[in-house]
Amino acid sequence: MSTPVPDVGAELAVPAGYREVYAETFDSGTAPSATRWSHDTDLNKRGWYNGERQYYAHADSDAARVADGKLRISAVAHPPGPPRPSDWGGQGYTSARITTAGHARWHYGFFSVRARLPRVRGAWPAIWLLPERHDFRWDGGEIDIAELAGHRPDEVRQGIQTRAANFRRGNQPVAVTRQADDAFHDYQVLWTPDRVVFGIDGRVTFIAPAVGLDRPMALILNVAVGGDWAGAEGIADASFPATMEVDSIRVWQP
């Protein structure tokens with residue numbers, strides 16, 4: 001039996017009967033745990049999607065680091081190295097993209113990521129869910145828990161993409177929430193078989209149908225640079241590094 005659809009602005013909390021199945025608080029070590037996270041570097045040589053201009057560093061880099069109970073992913077305005085890594089594709093920026101793929105994935109649940117997003121022109125911080133095996137035709141879908149383009153620093157976007165509804169078709173279910181400060185916020189998603197309910201700081205911001213979101217997904221954290229969207233008004237090199245900080249990640253399921 002489906003639950004009632006909440007109103008935008010209503011309270012969003014962990015539903016009754018759910019239990020915590022995953023918690024990441026970054027309270028040990030100096031880098032993301034290799035038992036929980038992998039660095040996604042697969043497209044460095046060829047170049048990343050959407051015309052993005054970053055190289056994603058490997059695990060031996062400090063582009064993703066842990067300190068003071070927080071994960072920090074930093075994009076910097078210079079190439080990797082020297083020496084240049086063998087998979088470098090000529091990119092002029094270096095960042096990190098880490099994923100739980102191969103370690104943890106979920107099909108439905110309540111997700112809460114407490115993070116602070118950088119507001120630097122040209123930077124594209126993102127917190128999102130994607131099936132482990134994908135071809136970016138969105139078979140299985142994508143859930144964007146929170147993302148921001150630095151040239152629109154007060155606009156946090158949340159939404160989904162599927163094979164039938166995505167930005168390339170111009171029909172992506174997406175919402176923009178005004179957020180003028182650069183403080184930490186709780187970015188939240190309740191994903192059920194019927195719908196995806198998005199929230200920020202315990203309040204509903206957007207509701208989308210769950211049609212096409214039919215596979216388990218892994219969590220991805222990254223800061224991209226430039227590209228068709230985030231680079232639409234150029235890149236403010238002098239304002240880099242652009243650092244996304246993540247305080248905690250929690251997942252609950254029935």
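**Strands and spaces in a predicted model**

Trainee: How many bridges join strand S14 to strand S15, and which way do they run?

Mentor: Strand S14 (residues 195-200) and strand S15 (residues 203-209) are joined by 6 bridges and run antiparallel. Strands are DSSP runs of E, at least two residues, and helices are runs of H or I, at least four residues, both numbered from the N terminus. Two strands pair if DSSP finds at least two bridges between them.

Trainee: What should I know about the model itself?

Mentor: This is a predicted model: local features need pLDDT of at least 70, side-chain atom pairs count only at pLDDT 80 or more, and totals for chains, interfaces and linings use all residues. Residues are numbered from 1 along each chain as its sequence is written, and side-chain values use heavy atoms, with hydrogens and water left out.

Trainee: Back to S14 and S15. What do they form?

Mentor: A hairpin, with 2 residues between the strands. Asp201 in the turn has a positive phi of about 55°. Gly199 has Val204 in S15 as its bridge partner.

Trainee: What is the strand order in the open sheet of 7 strands?

Mentor: S2-S7-S16-S9-S10-S11-S12, with antiparallel pairing. Strand S2 (38-39) and strand S12 (174-178) are the edge strands, each pairing on one side only.

Trainee: How many bridges join S9 to S16?

Mentor: 8, and those strands run antiparallel. Leu129 stands opposite Leu219 in S16.

Trainee: New topic. How many cavities of 30 Å³ or more turn up?

Mentor: The search of the whole structure finds 1. On a 1 Å grid over the protein atoms alone, a cavity is a set of points where a 1.4 Å probe fits but cannot get out; a pocket is an open set with protein on both sides within 12 Å along at least five of seven lines. Lining residues have an atom within 4 Å of a point.

Trainee: What lines the largest cavity?

Mentor: Leu129 and Leu219 are among the lining residues, along with Trp106 and Arg250. Strand S8 (109-116) and strand S17 (242-253) each supply at least two. The largest cavity holds about 40 Å³ of space. A volume is the space filled by probe spheres set on the points, which are joined across faces, edges and corners.

Trainee: And what volume does the largest pocket have?

Mentor: About 430 Å³. It is lined by 23 residues, and the closest to its centre are Asn50, Trp124, Glu147, Gln161 and Phe167. Helix H1 (227-230) is one of the elements that supply at least two lining residues.
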